[in-house]
Every structure is written in C-alpha cells, then in structure tokens.
Amino acid sequence: QAIGGDTMLSQIIRRVADAQAVKAPIQRVVDKVSAIFVPTVLLVALLTGLGWWLAGSAAEVALIRAVAVLVIACPCALGLATPAAIMAGTGAAARQGILIKDPEALETACRIQVVAFDKTGTLTIGQPKVIEWAVAGDAGLSLDVVRAITAAIQSGSEHPLAKAVLADVPVSQRGAWVASEVQAVPGQAVQARVALPGQFTNVWSLGSGHWLQKNCPDWPDPESSVHEEIFSLAERLQGQGATVSWLLRHDEGRAAPAVIGMLAFGDELKPEAAEAVARLQRMGLETVLISGDNRGAALAMGQRLGLSDEEVLAPVLPGDKAAQVVRLRAQGRVVAFVGDGINDAPALARANVGIAMGGGSGIAIEAGDVTLLRADPRIVAEAIVLARRTWRIVMQNFVWALAYNVIAIPAAALGY
C-alpha cells in the first residue's frame with residue numbers, strides 16, 4: 001500500500017538506524033569519563049617519563065616507559081563498550097520483530113517492574129462477535145426492530161463493536177430504519193436520531209454499563225420482574241467475560257430514557273495471552289489488565305489470564321488509561337504499557353516504556369518506545385529479556401574496559 005520511503009520495510013530500517021545512532025544515557029556518562037581519562041593518561045605518561053629519568057634511568061628508557069603508558073591505554077575500549085552492545089542488541093531485536101525507538105528505551109526496559117496491558121486487540125483477538133440479544137419486557141418492540149435500530153445507529157462507525165453488530169444484522173434485515181445526527185461519546189456510547197422515513201424521530205443511544213448508570217440511575221426497578229430478567233441476563237453474561245451494551249430511547253418530556261434492550265459481545269483471548277502473562281510473572285514482574293469493560297467482565301477475563309482481582313483495573317474510560325499509568329508510576333515503579341489502539345496512545349506516551357503491538361494503529365506505534373511487529377503478547381517478555389541481556393553486556397563491556405586500563409596503565413608505568 002506504499003512505495004519508497006513510506007513502506008513498512010523502510011520504516012523498520014529507519015527506526016533501527018535511528019536507535020543505533022542515538023546515544024544512551026549511560027553512553028553520555030562514559031563520554032564524560034573518557035573526556036577525563038585521555039588527559040589523565042597523558043599526565044600519567046609524562047610523570048612516568050620524568051619519574052624514571054629522575055630515578056636515574058637513561059633518557060631512552062624513560063621515554064620508552066612513557067610511550068608504553070600511551071600505547072597500553074585504551075580509551076576507545078570505554079567509548080565503544082556501550083555503542084557496540086547497543087548496535088548488537090537493537091539489531092538482534094529487529095531480527096526478532098522488536099523495533100526499539102532509541103537506546104534510552106532499551107536502558108529503561110531492563111528495569112521494568114510492572115507491565116500493564118490493554119485488553120481489546122492486545123490480549124484478545126480484537127474481533128468481537130454478538131453472542132446475545134435481549135429486549136426489555138416493557139419495551140413494546142420486537143427483537144427484529146431492536147436489531148434494525150441498533151444496526152442503524154452503528155451504520156457509520158468503524159468501532160470493532162459496531163462492525164460486530166453490522167455483521168450480525170444483514171442489510172436485508174435492517175428495513176428502512178435510518179439514523180441521523182450521529183454523535184459519539186468516547187468510551188461510553190453513540191447517540192443518533194433513528195426513525196422510519198416520514199415518521200417522528202426519536203433519539204436513541206447505545207452505550208456501556210457506565211452510560212446506563214449515568215442516564216438511568218434508578219434502573220432496574222427492584223420491584224419489576226421484567227427489569228430483573230434482562231438485568232440478571234446481562235450480569236450472567238458479564239460474569240462470563242462478555243461485553244454488554246444497552247439500547248436506550250430518549251423520549252422528550254421524560255426525565256430518564258427508557259431501557260429498550262441489551263446485546264452482548266464476546267471477544268476471545270488470544271491463544272498465547274495466558275502464556276504471555278505467566279511468562280512475565282515468572283520473571284518477577286507484576287502484570288496488570290486495564291479494561292474499559294465493566295468490573296465483572298474484566299474480572300472474568302483476568303481470572304482466565306491468571307490475574308488477581310487487584311491486578312484488574314476496570315472500568316477505565318479510554319481517556320483515563322494514561323491516568324492509571326501515571327498512578328502506577330507515582331508508586332515509584334517502572335511501568336511498561338502494552339496497547340494497540342488510537343485511545344492507547346496517551347498511555348503509551350506516559351509509561352516509562354510504551355510497547356505498541358504490531359498491526360495496531362499508526363498513532364499507537366508512533367507513541368510507543370518499542371514496536372512489536374507481530375501481534376503476539378509473548379514477545380513482550382522476549383523484548384524485556386533482550387533488553388536485560390543487552391544491558392548486562394554493556395555493563396560487562398564497561399567493567400572489562402575499566403579493569404583492563406586500571407591494571408595495564410600502572411603496570412606499564414612501573415616498567416612491566
């Protein structure tokens with residue numbers, strides 16, 4: 001779908017090259033050490049020559065001792081300790097489908113303590129399907145009409161749940177219902193005027209449980225068996241991990257809208273999701289699920305992933321994901337956030353390390369510090385392991401370079 005510099009391959013090459021060209025924070029420290037190291041070696045060489053000459057050695061011997069100090073000293077060992085390892089590490093990561101934006105992300109990734117996951121599209125397949133429809137007993141509408149109205153509301157949306165509705169309600173079953181003045185309430189609902197041609201138009205909305213509580217605080221009526229029936233069905237489905245949406249009709253002159261129906265969506269966990277979480281936990285990392293679903297559905301999903309109730313944060317509106325990441329960081333922990341959607345971009349940007357899943361939105365990938373080319377959550381653990389290994393090698397290189405100079409320079413100065 002693109003040519004030249006806009007192709008995915010060109011972007012990968014550019015990102016890897018950028019990562020290898022930028023200096024890591026520790027490299028800046030090493031550069032400062034090298035800036036002191038070189039004049040110090042020159043001074044030691046001068047003192048060595050003077051010392052041997054004053055001690056009675058011939059001028060040629062004193063000069064040879066001074067030159068030996070200059071020859072044996074290796075400032076480039078210090079200077080190359082970090083970039084050599086980073087080039088190897090980022091190259092190895094790219095071969096495994098892990099793109100690291102810059103060395104600072106690599107350095108931070110080795111200190112990650114908490115990995116927070118978005119749910120939809122990250123740990124789930126991201127292709128929800130409608131698994132249940134229900135009409136409130138006092139709605140006065142048939143199931144077919146409710147399905148047609150719901151499809152009309154969702155007809156212009158690209159949201160995964162909207163696509164699931166449109167896939168479940170074929171065009172032939174939607175009749176002549178038409179939606180107008182469609183408005184989205186991010187993370188909560190979509191509203192529209194829906195009617196048959198030539199008829200009075202009602203305002204309808206299709207929203208989450210949070211939207212239902214906000215608009216119908218007194219629903220369900222505890223004395224209504226009709227309300228109890230559809231509400232109990234919704235709770236049972238949420239307990240199984242389903243996402244529930246409510247269809248409301250906003251009648252003029254009524255303080256609260258009427259609850260017309262309910263539909264439930266199922267989105268399967270990726271086969272490798274539980275293994276990905278378990279692998280991170282074995283590495284000693286805390287794992288957290290951040291979900292916009294209601295608490296019951298999110299807890300059911302968390303149980304399937306092996307998470308405790310405390311590790312499930314729900315319901316969290318899309319705009320509040322970043323706030324949850326900031327809250328975790330405020331506890332003094334290094335936090336990675338893994339997401340793939342447009343609404344994940346703020347959280348990816350606010351995390352110590354933002355990890356964008358391959359196949360996600362361009363905005364999410366741009367906001368992340370690390371991009372996984374395959375939409376496999378198990379690669380998150382591989383990325384952290386690789387970062388730890390790379391940084392261990394950086395420190396080993398630095399220690400060897402420092403130890404060599406500390407031992408070799410005095411030995412040369414002493415005539416060995």
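Me: Across which strands does helix α9 lie, and at about what angle does it run to β8?

Reply: First, the basis: this is a predicted model, in which local features need pLDDT of at least 70 and side-chain atom pairs count only at pLDDT 80 or more, whereas totals for chains, interfaces and linings use all residues. Residues are numbered from 1 along each chain as its sequence is written, and side-chain values use heavy atoms, with hydrogens and water left out. Helices (H or I, at least four residues) and strands (E, at least two) are DSSP runs, numbered from the N terminus. Angles run from 0 to 180 degrees between N-to-C directions, with axes fitted as lines to C-alpha atoms, for helices over the stretch in contact. Helix α9 (residues 225–239) lies across β3, β7 and β8, and runs at about 20° to β8.

Me: In what order do the strands of the open sheet follow one another?

Reply: Strands of a sheet pair through backbone hydrogen bonds, either parallel or antiparallel. Two strands count as paired if DSSP finds at least two bridges between them. Here 6 strands form an open sheet in the order β3-β8-β7-β6-β5-β4, with antiparallel pairing. β3 and β4 (178–185) are the edge strands, each pairing on one side only. On average, neighbouring strands of this sheet are turned by 20° against each other, direction ignored. The antiparallel pairing of β3 and β8 extends over 6 bridges, and K129 has G266 in β8 as its bridge partner.

Me: Which strands of this sheet does α7 touch?

Reply: Helix α7 packs on the sheet by touching β3, β7 and β8, and its direction makes about 75° with that of β3. An α-helix has 3.6 residues a turn, so residues three or four places apart point the same way. In α7 (residues 160–168), the buried residues (under 20% relative accessible area; exposed is over 50%, partly exposed in between, with a 1.4 Å probe and protein chains only) are L161, A162, A164, V165 and L166. These buried residues pack against β3 (129–135), α6 (143–154), β7 (243–250) and β8 (258–266).

Me: How many of the residues of strand β11 are buried?

Reply: In a regular strand the side chains alternate between the two faces of the sheet. In β11 (residues 335–339), 5 of the 5 residues are buried, so this strand is largely enclosed by the rest of the structure. V335, F337 and G339 cover one side, and A336 and V338 the other; all are buried. β11 pairs in the parallel sense with β2 (residues 114–118) over 4 bridges, where V115 stands opposite A336. β11 also pairs in the parallel sense with β12 (residues 353–357) over 4 bridges, and there I355 is the bridge partner of V338.

Me: In helix α2, why does T48 count as buried?

Reply: T48 counts as buried because its relative accessibility is 7%. Leaving aside neighbours within four places in sequence, T48 is in contact with R65, A66, V69 and A413. By contrast, L47, which lies in helix α2 (residues 25–54), is exposed, at a relative accessible area of 52%.

Me: How many salt bridges does the structure hold?

Reply: Side chains of opposite charge can pair when their charged atoms come close. A salt bridge is a side-chain nitrogen of Lys or Arg within 4 Å of a carboxyl oxygen of Asp or Glu. The structure holds 13 salt bridges. One of them joins D251 and R254 (3.9 Å, N to O); D251 is buried at 18% relative accessibility, while R254 is partly exposed at 46%.

Me: Which parts of the chain does the salt bridge between R279 and E382 tie together?

Reply: The side chains of R279 and E382 meet at 3.9 Å, N to O. R279 lies in helix α10 and E382 in helix α15, so the pair ties together parts 103 residues apart in sequence. Salt bridges that share partners join E275, R279, D376, R378 and E382 into one network.

Notes:
Contact means heavy atoms within 4.5 Å.
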